[in-house]
Amino acid sequence: MEQMKKISDSVIEMVELVLPNDVNLLRNLKGGQLMHWIDIAAALTASKHSGRIVATVSMDSLDFKHPIRLGEMVKLIATLVSVGNTSMKIKVNVWAENLQTGSVIMTNEASLVFVALDENGRPTRVPRLCE
Ligand SMILES: CC(C)(COP(=O)(O)OP(=O)(O)OC[C@H]1O[C@@H](n2cnc3c(N)ncnc32)[C@H](O)[C@@H]1OP(=O)(O)O)[C@@H](O)C(=O)NCCC(=O)NCCS
C-alpha cells in the first residue's frame with residue numbers, strides 16, 4: 001500500500017543567532033546567510049517527509065519584509081505545502097526576536113521546491129499527504 005504522511009510529521013523549527021560574521025555594513029543579517037538557513041530548514045522538512053536525500057530544484061520566492069539585526073534570535077519554521085510524484089513544495093516563515101526587548105516580528109516568507117533522490121541520484125516517489 002502507498003505510504004502516506006501528515007504535514008505535521010515533517011514540520012521543522014530551526015533557531016539561529018545573528019553573529020557579527022552574518023551581517024552587512026548596516027549590521028543587518030545578510031540575505032545570502034538567510035537564504036542558506038532557509039534552504040537548510042526546508043531541506044530538513046523535505047528529507048523528513050520523504051526519508052530520502054533531497055535536492056533543491058527551485059527557490060520560487062523570498063520576501064524580505066523587515067531587516068534582522070545583529071544579536072537577534074532568528075526562528076525559521078518550514079512546512080510542507082504540497083507533494084507531487086517526486087517533488088515537495090515547502091514554505092518557510094521567518095521571525096526575528098530581540099532578546100533585550102522581547103519583541104518578535106515576522107521578517108520573511110519563502111517558497112521552495114525539493115526533489116527526493118534515490119541511491120543513484122535519480123528522482124524517486126515521495127509519500128502522499130493524508131491531511
Ligand atoms: C533534481 C534533479 C535530479 C531532477 O532531475 P530532473 O531530470 O529535472 O527530473 P524531472 O524532470 O523528473 O523532475 C522531477 C520533479 O521535479 C519537478 N521540477 C523540476 N524542476 C523544477 C522547478 N524548476 N520548479 C519546480 N519543480 C521542478 C518536476 O516537476 C518533477 O516533479 P514531480 O515528480 O513531482 O512531478 C535535477 O534537476 C538536478 O540535479 N538539479 C540540480 C539540483 C541541485 O544541484 N540543487 C542544489 C543543491 S541541493
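1. Salt bridges. This predicted model holds 2 salt bridges. A salt bridge here is a side-chain nitrogen of Lys or Arg within 4 Å of a carboxyl oxygen of Asp or Glu. Side chains of opposite charge can pair when their charged atoms come close.

2. Lys75 and Glu13. Lys75 forms a salt bridge with Glu13, and their closest N and O atoms are 3.8 Å apart. Lys75 lies in strand 4 (residues 73–83) and Glu13 in strand 2 (residues 12–17), so the pair ties together parts that are 62 residues apart in sequence. Helices (H or I, at least four residues) and strands (E, at least two) are DSSP runs, numbered from the N terminus. Lys75 counts as partly exposed, at 30% relative accessibility. Glu13 counts as exposed, at 51%. The cut-offs are these: buried means under 20% relative accessible area, exposed means over 50%, and partly exposed lies in between (1.4 Å probe, protein chains only).

3. Arg52 and Glu119. The other pair is Arg52 with Glu119, where the closest N and O atoms are 3.1 Å apart. Arg52 is partly exposed, with a relative accessible area of 27%. Glu119 is exposed, at 69%. The two side chains also make a polar contact at 3.1 Å. A polar contact is a pair of N or O atoms within 3.5 Å; within protein, one must be able to donate a hydrogen and the other to accept it, and residues adjacent in sequence count only if both atoms are side-chain atoms. For a sense of distance, Glu119 and Lys6 are 113 residues apart in sequence and 25 Å apart in space, C-alpha to C-alpha.

4. Lys5, a charge without a salt bridge. Lys5 belongs to strand 1 (residues 4–5). Lys5 is buried yet has no salt bridge. The nearest side chain of opposite charge is Asp9, 6.4 Å away. Lys and Arg count as positive and Asp and Glu as negative, while His and the chain ends are not counted. What does Lys5 touch, leaving aside neighbours within four places in sequence? Lys5 is in contact with Lys48, His49, Pro127, Arg128, Leu129 and Cys130. Contact means heavy atoms within 4.5 Å.

5. The ligand. Residues around the ligand include Ala55, Val57, Ser58, Gly84, Thr86, Val113, Val115, Leu117 and Pro123. Strand 3 and strand 6 each supply at least two.

6. Polar atoms at the ligand. A backbone N or O atom of Thr56 lies 2.9 Å from a ligand nitrogen. A polar backbone atom of Asn85 is 2.7 Å from a ligand oxygen. Ser87 brings a polar side-chain atom to 2.6 Å from an oxygen atom of the ligand. Taken alone, the ligand exposes 960 Å², and the protein buries 42% of that. Accessible areas come from the Shrake-Rupley method with a 1.4 Å probe; for residues, only the protein chains shown count as cover.

7. Asn28. Asn28 is found in the loop between strand 2 and helix 1. Not counting residues up to four places away in sequence, Asn28 touches Asp22, Val23, Pro67, Ile68 and Arg69.

8. The whole protein. The protein has 1 helix and 7 strands. Along the sequence the pattern reads β-β-α-β-β-β-β-β. The C-alpha atoms fill a box of roughly 50 × 30 × 20 Å, taken along the principal axes. Of the 131 residues, 37% count as buried. Among contacts with a separation of 6 or more, 71% join residues 24 or more positions apart. The accessible surface comes to about 7300 Å², and 53% of it belongs to carbon and sulfur atoms.

9. Ground rules. Residues are numbered from 1 along each chain as its sequence is written, and side-chain values use heavy atoms, with hydrogens and water left out. In this predicted model, local features need pLDDT of at least 70 and side-chain atom pairs count only at pLDDT 80 or more, while totals for chains, interfaces and linings use all residues.

Definitions and conventions: A residue is near a molecule or strand if one of its heavy atoms lies within 4 Å of it.
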